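Good morning, everyone, and thank you for making time for this. I would like to walk slowly through one protein chain, stopping at a few places where the side chains deserve a careful look.

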Amino acid sequence: MRYGMEETYSRLINPLLFKLGLLWRTNFLPPAQEHFLTSIIKIKLSVAIDYLPNGTENGDTWLLLLPENEFHEIGLLWAYYLIRKSGNKVVYLGASTPVGSLIEALKNVKPQNVLIFMIQGESTYTINGYIEHVLPTFKGENFCIAGGGSKEINEKKIKYFKTEKALASFLQQ
């Protein structure tokens, strides 16, 4: 990549995703074309992640996932890249993670941090119910939500990252 991964994401991928979303919502872009383009981006991000070290011995462990019925992985993959680049370990659960699976992963992995990424914005009731079931099991430091679909979370114990820059700033602390 000519500009490096961070510059490529901010100058090319992020604006492209915004335009794809507009075209898709206004029915100017068929789902097959949107899937084709996002698949290329996911592959590029996965390759970039694979080139990063697995995390330092002192690095925290992060558990990353999309909630049930959320399938838009690019933002979560970008978070994976940023977290791993900052020297942390990542356990990536991926798309549409059922509540029971997340609770089991929390018990087994015992991560210091959890990041749930949302684009679709299921009803506030649905995501708040999801969090209500999961939060009592979480014994780590930071329970985080990122993405545009998570605007009305009721829980005060949760860190909310509206942009990838907010997550990057948090990781540099």
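Let me begin with Asn88, which, if we set aside residues up to four places away in sequence, touches Asn54, Gly55, Gly59, Asp60, Trp62, Ile83 and Leu171. Asn88 sits in the loop between α3, residues 74-85, and β2, residues 89-97. Is Asn88 buried or exposed? Its relative accessibility is 10%, and because buried means under 20%, Asn88 counts as buried. Its side chain also reaches the backbone nitrogen of Asp60 at 2.8 Å, and a polar contact of 2.8 Å joins it to the side chain of Ser86.

The mean pLDDT of the chain is 88, and 91% of its residues reach 70 or more. Confidence is highest in α3, at 96, and lowest in helix α5, residues 124-134, where the mean is 74. Where pLDDT is low, the predicted coordinates should not be read in detail.

Now to the charged side chains. Side chains of opposite charge can pair when their charged atoms come close. How many salt bridges are there? The count comes to 2. In one of them, the side chains of Glu6 and Lys85 meet at 2.7 Å, N to O. Glu6 belongs to helix α1, residues 5-25, and Lys85 to helix α3, so this pair ties together parts that are 79 residues apart in sequence. Glu6, at 31% relative accessibility, counts as partly exposed, and so does Lys85, at 45%.

There is also a salt bridge between the side chains of Glu7 and Arg11, at 3.6 Å, N to O. Here both residues lie in helix α1, 4 residues apart, which is about one turn of the helix. Glu7 is partly exposed at 33%, and Arg11 is partly exposed at 49%.

Apart from its neighbours within four places in sequence, Glu164 is in contact with Tyr9, Asn14, Trp78 and Leu82, and a polar contact of 3.2 Å joins its side chain to that of Asn14. Glu164 is partly exposed, with a relative accessible area of 22%.

Leu37, for its part, is placed in helix α2, residues 31-50, and at 31% relative accessibility it counts as partly exposed.

Key. Residues numbered from 1 in each chain as written. Predicted model: local features only at pLDDT ≥ 70, side-chain atom pairs only at ≥ 80, totals over all residues. Heavy atoms only, no water. Helix = DSSP H or I, 4+ residues; strand = E, 2+ residues; numbered from the N terminus. Buried < 20%, exposed > 50% of the residue type's maximum accessible area, 1.4 Å probe, protein only. Polar contact = N/O pair within 3.5 Å; in protein donor to acceptor, adjacent residues only side chain to side chain. Contact = heavy atoms within 4.5 Å. pLDDT = per-residue confidence, 0-100. Salt bridge = Lys/Arg side-chain N within 4 Å of Asp/Glu carboxyl O.
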